[in-house]
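Here is a short report on one protein chain, written for someone new to reading structures. Keep the picture beside you as you go.

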Amino acid sequence: MKILAIESSCDETAAAVVENGRTILSSVVATQIAEHQLYGGVVPEIASRRHCEAINGVVRETLSQAALTFREVDALAVTYAPGLIGALLVGVNFAKGLSMATGLPLIPVHHLRSHIAANYLAHQDLQPPFLCLVVSGGHSHIVEVTDYTEMKIIGKTRDDAAGEAFDKAARTMGMPYPGGIHLDKAAQNGNDHAFSLPHPKVDGCPYDFSFSGLKTAVINLIHNASQKGESLPVNDLSASFRKAVVDSLTDNFFRAAENLGHTKLVLAGGVSANSLLRERTLQECEKRHWQCYYPPLNLCGDNGAMVGAQAYYEYLAGHTASADLNARAAMSIE
């Protein structure tokens with residue numbers, strides 16, 4: 001089954017053709033990073049306008065790379081939640097128009113489910129059940145995946161997401177957008193014990209996260225030093241901050257796995273590209289003789305292929321949409 005999938009939840013206009021949920025036939029991503037760097041982060045109105053300008057060309061190029069026509073595609077898929085509402089609406093309405101014009105069934109796909117499904121493209125042997133840590137700019141979840149379309153939230157952030165904390169800390173250190181990747185690179189040359197930073201916990205909820213206080217702590221360190229005319233060692237501060245975030249993520253992740261009896265662990269989302277998070281998760285799994293999976297770097301960020309992968313399983317479960325499909329800025333993965 002060949003699915004043409006569209007992704008436009010944030011600042012990447014993407015499309016892909018995926019076969020049977022596991023094989024990428026083509027994938028095209030039009031990024032807006034260079035433009036949003038001018039503002040230090042994503043400007044929703046600009047993102048929506050750029051999606052409008054790019055989406056037709058991206059879909060055409062995707063079909064061209066796959067050497068397919070619409071007559072040779074079996075279904076359409078689109079990210080409809082969660083994300084920037086204006087950006088989502090561009091993709092949803094474009095996909096609905098294609099569905100009406102071609103008569104192809106339309107499959108609505110949840111953005112976080114797609115990030116988990118990116119692993120199916122890279123690991124042909126991966127099947128549920130497993131425990132997944134989904135970490136991105138807007139979300140930090142521990143998700144129990146019992147089947148391809150059946151998921152349960154075990155833990156989540158109570159305030160900021162890990163990716164947001166990375167980006168805002170990096171911006172305060174003077175790094176360009178997107179800051180997380182620059183902070184990760186700087187941290188590789190730093191001493192992660194140079195600064196003592198808080199490791200917030202949520203009382204009574206051993207699997208939940210809190211990154212707001214940690215983010216504020218590092219921002220205050222930088223501002224206080226600036227007011228005194230002092231400069232801080234950026235590499236050391238980056239390493240210390242990265243360690244604090246990854247400690248929090250992995251401590252809760254492995255605690256949940258042990259308590260719930262999971263020995264197959266998966267990383268997903270943009271922050272799954274973080275080198276320390278990948279290293280720490282792999283080391284801990286090897287120590288326990290558990291299975292560990294994470295996506296290749298090119299599938300960590302937003303892309304159409306991950307949407308097509310999840311769409312295949314949504315279709316098998318009978319999840320299709322009609323012409324009244326609407327975008328939703330917030331929606332649980334469950």
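Ala67 has a relative accessible area of 62%, and because anything over 50% counts as exposed, Ala67 is exposed. Keep in mind that this is a predicted model. You'll find Ala67 in the loop between α2 (44-66) and β4. For background, most residues other than glycine have a negative phi.

His289 sits in the loop between α9 and β10, and with a relative accessible area of 74% it is exposed.

## Two cis bonds

Most peptide bonds are trans. Here, though, the bond from Ala81 to Pro82 is cis, with omega near -20°. Pro82 belongs to the loop between β4 (75-81) and α3.

The bond from Tyr177 to Pro178 is cis too, with omega near -10°. Look for Pro178 in the loop between α5 and α6.

## A buried serine

Now try Ser99, which is part of helix α3 (residues 85-102). Is Ser99 buried or exposed? Its relative accessibility is 16%, and the cut-off for buried is under 20%, so Ser99 counts as buried. Setting aside its neighbours within four places in sequence, Ser99 is in contact with Leu76, Leu104, Pro105 and Leu106.

In soluble globular proteins, nonpolar side chains tend to be buried together. The largest nonpolar core in this model has 41 residues, and Leu133, Ile142, Phe241 and Leu249 have the most contacts inside it. Several elements supply at least two residues each, including β6 (130-135), α5 (162-172) and α9 (275-288). The largest share, 10 residues, comes from α8.

Take Phe241 as an example: not counting residues up to four places away in sequence, it touches Ala165, Phe166, Ala169, Leu183, Leu197, Leu214, Lys215 and Val218. There's also a second, separate core of 35 residues, with Cys132, Tyr148, Tyr293 and Ile333 among them.

## The sheet

Five strands make an open sheet with mixed pairing, in the order β8-β7-β6-β9-β10. At the edges are β8 (150-156) and β10 (291-293), which each pair on one side only. On average, neighbouring strands are turned by 25° against each other, direction ignored.

Zoom in on β9 and β10: they run parallel and are joined by three bridges. Leu265, for instance, has Cys292 in β10 as its bridge partner.

Notes. Residues are numbered from 1 along each chain as its sequence is written. This is a predicted model: local features need pLDDT of at least 70, side-chain atom pairs count only at pLDDT 80 or more; totals for chains, interfaces and linings use all residues. Side-chain values use heavy atoms; hydrogens and water are left out. A nonpolar core is a set of buried Ala, Val, Leu, Ile, Met, Phe, Trp, Tyr and Cys residues joined through side-chain atoms within 4.5 Å. Buried means under 20% relative accessible area, exposed over 50%, partly exposed in between (1.4 Å probe, protein chains only). Helices (H or I, at least four residues) and strands (E, at least two) are DSSP runs, numbered from the N terminus. Contact means heavy atoms within 4.5 Å. Two strands pair if DSSP finds at least two bridges between them. Axes are lines fitted to C-alpha atoms, for helices over the stretch in contact, and angles run from 0 to 180 degrees between N-to-C directions.
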